[in-house]
Amino acid sequence: MSSKSTYTTPKWWKEAVIYQIYPSSFQDTNGDGWGDVKGITSRVDYLKSLGVDIVWTSPIYKSPQADMGYDIADYKAIDPAYGSLEDVDELIAELKKRDMKLMMDLVVNHTSNQHDWFLESRSSKDNPKRDWYIWKAPKSVSAAGVPEPPNNWAQILGEANSAWTYDTGTGEYYLSIFTPDQPDLNWENPEVREAVWDVMHFWLNRGVCGFRMDVINMISKVPTYPDAEEVLDPLTHRYQPGTKYFVNGPKLHDYMHEMHREVLSKHETITVGEMPGVSDEDEVLRTVGADAKELNMIFIFDLVDIDKPNVRMALKPWDVQEMKSIVSRWQRVMIEKDGWNSVFIENHDNPRSVSRYTDDSDQWRDKGAKLLALMQTTLGGTLFVYQGEEIGIRNAPTEWDIDAEYKDIETINYWKKCKDIYKDDPKQLEHGKKIIHMKARDHARTPMQWDTSENSGFCKEVQPWMRVMDDFSNGINAKSQMDAKLDDELSTWQFWQRGLRDRKEHADVFVYGDYQEISPEDPSIFAYGRTSASGERWLILLNFTGKDVSWTLPKSLAVEFWACSTYTKGKPDKAQSGTVALKPWEGILGKCRIE
Ligand code: TEU
Ligand code: CA
């Protein structure tokens with residue numbers, strides 16, 4: 001750490017534990033089977049008791065819900081399905097009473113195609129808002145009058161389709177990188193930027209503490225809009241990922257500096273930018289470096305994209321060593337280059353971590369969930385917990401019928417493409433199914449499992465908008481896990497609660513401490529040390545396999561005591577020098593003796 005480093009300087013937004021809510025699936029209070037703002041308010045005590053400081057909710061603004069609210073039709077209104085502005089004021093007030101805060105999701109790379117701005121923009125070529133979006137003439141028009149999109153970029157949430165949508169009214173295409181319902185805003189236009197600053201001021205003045213910024217690194221596009229290279233088989237994929245031309249584009253940092261100057265510097269905020277597809281250290285530091293004047297932190301996707309080849313709905317093999325090296329790399333980068341990072345392993349766009357990184361069978365699920373809890377609560381950065389992660393919710397079962405139970409637009413588009421392209425190829429179709437079973441965003445979006453009552457307490461006397469997992473009656477619900485009185489171990493929920501408490505008590509070690517990976521070449525055990533500025537040192541050993549494994553403590557490390565294990569309630573009885581034995585998926589935390 002350089003002497004000028006501010007990494008260890010305490011800040012509320014570094015120590016805060018943030019809980020992400022997927023609002024449609026959190027808690028319904030008015031009997032329509034859809035979660036609402038009053039539902040969130042009714043659960044703030046629950047969140048407080050877990051150890052949460054800040055609630056971030058995925059979008060609750062007025063929206064046609066083409067992409068579950070990531071298509072906003074009015075940035076200053078709440079969707080009636082979620083409630084009203086008054087409900088949000090009440091939520092902020094209830095959080096405040098408990099010393100907690102609300103963070104909003106800011107989705108300003110694109111709007112809904114139902115936003116007034118877009119309705120105006122598409123109404124005519126000379127409308128004053130025409131230039132608020134990205135309009136281009138067709139590349140060509142065939143003899144039969146069929147237009148060709150301006151380039152070959154593919155839609156992200158339906159990669160078989162073009163990222164451009166043709167508007168018959170004005171004979172031009174608009175850019176819609178995610179879906180045709182989500183036209184991209186033209187950030188080159190200063191009026192657009194001003195409109196965004198205005199929205200931000202509106203919410204900050206209302207009392208929210210900051211923003212999670214949706215795909216904020218996609219707001220600047222390469223202005224020549226070149227064709228993308230062919231990385232997908234052109235026989236099955238007419239359109240190709242154009243990410244290179246809109247991820248961390250040429251003017252991103254100009255826009256972020258302007259945002260900082262015009263908005264963020266005027267308020268005390270917490271900001272996290274969602275930045276998929278960027279992994280270059282210096283580029284990341286331009287946003288999250290201590291002097292960057294951009295954002296507090298971003299979401300780096302290397303870990304959740306560990307199984308991603310070139311599009312998300314695909315599979316790539318990976319192993320524990322790779323996982324360790326990704327985690328360790330970013331832990332070190334932030335310390336050495338004086339930046340700040342987020343710690344997360346789940347969100348509403350990814351499958352459940354217990355299914356993905358451990359073993360979600362009835363025998364091991366709870367151990368796997370605790371292992372991931374121990375890892376995350378002992379890593380440096382600001383910690384994000386995703387709804388249901390604290391009770392180890394797993395992926396939807398493979399028996400679920402895809403057409404009937406999966407609701408996400410990305411899954412629907414992907415499954416349609418599979419059926420179109422592979423209708424005569426059962427093997428390929430099975431592979432498509434497997435990808436959905438492993439990676440669909442739907443896995444993170446099933447209703448929260450609260451208790452053993454009807455629909456697990458998510459809603460009463462009505463069908464929930466999305467099917468509740470059947471295993472809620474089998475111990476995977478908040479109430480059973482909070483009340484659990486197991487003889488020799490904690491429930492997943494209790495283990496998370498303890499981990500969050502420990503993290504706060506020892507913030508100098510776990511939030512701000514130095515990080516050293518030990519034995520990176522070990523294929524099974526993830527071992528690392530965390531050391532506070534005053535020299536207090538802790539050792540974390542995580543067995544990322546379903547087997548018994550022993551690990552030899554380096555001579556330089558003497559363990560004073562083992563403080564916790566994912567297998568025990570109290571201090572585990574383990575060797576303090578020599579060889580330590582770890583059970584399948586076991587994680588342990590020990591305090592080191594300072595030699
Ligand atoms: O996701 C952005 C995104 O590109 C990916 O990180 C994500 O994995 C996506 O699912 C692509 O496969 C954000 C939101 O989190 C997501 O819910 C929205 O659909 C998207 O932006 C568009 O607003
Ligand atoms: Ca409701």
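**Strands, ligands and buried residues**

Modeller: In this predicted model, Thr165 stands opposite Tyr174 in strand S12.

Biologist: In which sense do strand S11 and strand S12 pair, and over how many bridges?

Modeller: Strand S11 covers residues 164–167, and strand S12 covers residues 172–175. Their pairing is antiparallel, and the number of bridges is four.

Biologist: Which residue in the turn between S11 and S12 has a positive phi?

Modeller: The two strands form a hairpin, with four residues between them. A positive phi of about 70° occurs in the turn, at Gly171.

Biologist: Which strands are at the edges of the open sheet of eight strands?

Modeller: The order in this open sheet is S15-S14-S13-S5-S2-S1-S17-S16, with parallel pairing. An edge strand pairs on one side only, and this applies to strand S15 (297–299) and strand S16 (342–343).

Biologist: Which residue in S13 stands opposite Asp105?

Modeller: Strand S5 (residues 101–106) and strand S13 (residues 210–213) run parallel and are joined by four bridges. The residue of S13 opposite Asp105 is Arg212.

Biologist: How far is a polar side-chain atom of Arg212 from an oxygen atom of ligand 1?

Modeller: Ligand 1 is surrounded by 19 residues, of which the closest are Asp67, Asp214, Arg312, Asp349 and Glu410. His110 places a polar side-chain atom 2.9 Å from an oxygen atom of the ligand. In the side chain of Glu274, an N or O atom is 3.2 Å from an oxygen atom of ligand 1. For Arg212 the corresponding distance is 3.0 Å.

Biologist: What share of the accessible area of ligand 1 does the protein cover?

Modeller: On its own, ligand 1 has 490 Å² of accessible area. The share of this area that the protein covers is 95%.

Biologist: Which residues coordinate the calcium ion (ligand 2)?

Modeller: Along the chain, the donors follow the spacing D-x1-N-x1-D-x1-W-x1-D. The coordinating atoms lie at 2.2 to 2.3 Å from the ion. Trp34 contributes its O atom, Asn30 its OD1 atom, and the aspartates an OD atom each. The residues are Asp28, Asn30, Asp32, Trp34 and Asp36.

Biologist: Are Asp28 and Trp34 buried or exposed?

Modeller: Both residues coordinate the calcium ion (ligand 2), Asp28 through OD and Trp34 through O. As to their accessibility, Asp28 and Trp34 are both buried.

Biologist: Which backbone oxygen does the side chain of His443 reach?

Modeller: His443 is found in the loop between helix H14 (426–439) and helix H15 (478–483). Because its relative accessibility is 0%, His443 counts as buried. Leaving aside residues up to four places away in sequence, His443 touches residues including Pro351, Arg394, Tyr406 and Met438. At 2.9 Å, its side chain reaches the backbone oxygen of His437.

Biologist: Why does Asn455 count as buried, and what is its relative accessible area?

Modeller: Asn455 is placed in the loop between H14 and H15. This residue has a positive phi of about 50°, although it is not a glycine. A residue is buried under 20% relative accessible area. Asn455 therefore counts as buried, with a value of 18%.

Biologist: Where is Ser112 placed?

Modeller: Ser112 counts as buried, because its relative accessibility is 0%. Apart from residues up to four places away in sequence, it touches Pro64, Asp71, Ile72, Ala73, Phe118, Asp181 and Pro183. Its place is in the loop between S5 and helix H5 (116–123).

Biologist: What distance separates the C-alpha atoms of Gly587 and Gly368?

Modeller: Gly587 lies in strand S24 (residues 587–593). Its relative accessibility is 0%, so Gly587 counts as buried. Not counting residues up to four places away in sequence, Gly587 touches several residues, among them Leu371, Leu541 and Cys564. Gly587 and Gly368 are 219 residues apart along the chain, and their C-alpha atoms are separated by 9.2 Å.

How values were computed:
Residues are numbered from 1 along each chain as its sequence is written. Chains are lettered from A and ligands numbered from 1 in the order in which they are written. This is a predicted model: local features need pLDDT of at least 70, side-chain atom pairs count only at pLDDT 80 or more; totals for chains, interfaces and linings use all residues. Side-chain values use heavy atoms; hydrogens and water are left out. Donors are N, O and S atoms within 2.8 Å of the metal (3.2 Å for Na, K and Ca); water is not among the atoms, so sites may look incomplete. Buried means under 20% relative accessible area, exposed over 50%, partly exposed in between (1.4 Å probe, protein chains only). Contact means heavy atoms within 4.5 Å. A residue is near a molecule or strand if one of its heavy atoms lies within 4 Å of it. A polar contact is a pair of N or O atoms within 3.5 Å; within protein, one must be able to donate a hydrogen and the other to accept it, and residues adjacent in sequence count only if both atoms are side-chain atoms. Accessible areas come from the Shrake-Rupley method with a 1.4 Å probe; for residues, only the protein chains shown count as cover. Two strands pair if DSSP finds at least two bridges between them.
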